[in-house]
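Okay everyone, thanks for coming. Let me put the structure up on the screen, and then we'll walk through its strands together.

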Amino acid sequence: GAFELTVHGVPAAALDLKLLHPTDAGADQRLTVSADADDRYIGRFGPLDAARRELEIASPGQGWRLRGVLPAGADALRLGPP
């Protein structure tokens, strides 16, 4: 469940992250992470089952968000603007 996130371009002081289960809202996970001195965001989600997840990363203060799909069993994901 541990992750490291790097944002290129416009770092934000904090980001909102959502991992959304495709059929069970009770298995959704949400958290807010803050940047460290190297503009990395490090955090931990709870255990995940084998389902894929929809991922949303947002900076509400800056008015942007990115969405993507984290395939089941994936250990990395790269998101960019459409």
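So, this is a predicted model. Let's begin with strand S4, residues 40-44, because its side chains alternate, with buried meaning under 20% relative accessible area. Tyr 41 and Gly 43 point to one face and are buried.

Who does S4 pair with? Look at strand S1, residues 2-6: S1 and S4 pair in the antiparallel sense, over five bridges.

A quick reminder if sheets are new to you: strands of a sheet pair through backbone hydrogen bonds, either parallel or antiparallel.

Now for the open sheet of four strands. What order do they come in? It goes S3-S2-S5-S6, and the pairing is antiparallel. The edge strands are S3 (29-34) and S6 (64-70), and each of them pairs on one side only. From one strand to the next, the twist averages 15°.

Let's go across that sheet. Strand S2, residues 14-20, pairs with S3 over six bridges, in the antiparallel sense. There, Leu 17 stands opposite Leu 31 in S3.

Over at S5, residues 53-59, seven bridges join that strand to S6, and the two run antiparallel. Here you can find Ala 58 opposite Arg 65 in S6.

Last stop: the hairpin of S5 and S6. It has four residues between the strands, and Gly 63 takes a positive phi near 75°. Okay, over to you for questions!

Key. Residues are numbered from 1 along each chain as its sequence is written. This is a predicted model: local features need pLDDT of at least 70, side-chain atom pairs count only at pLDDT 80 or more; totals for chains, interfaces and linings use all residues. Side-chain values use heavy atoms; hydrogens and water are left out. Two strands pair if DSSP finds at least two bridges between them. Axes are lines fitted to C-alpha atoms, for helices over the stretch in contact, and angles run from 0 to 180 degrees between N-to-C directions. Buried means under 20% relative accessible area, exposed over 50%, partly exposed in between (1.4 Å probe, protein chains only).
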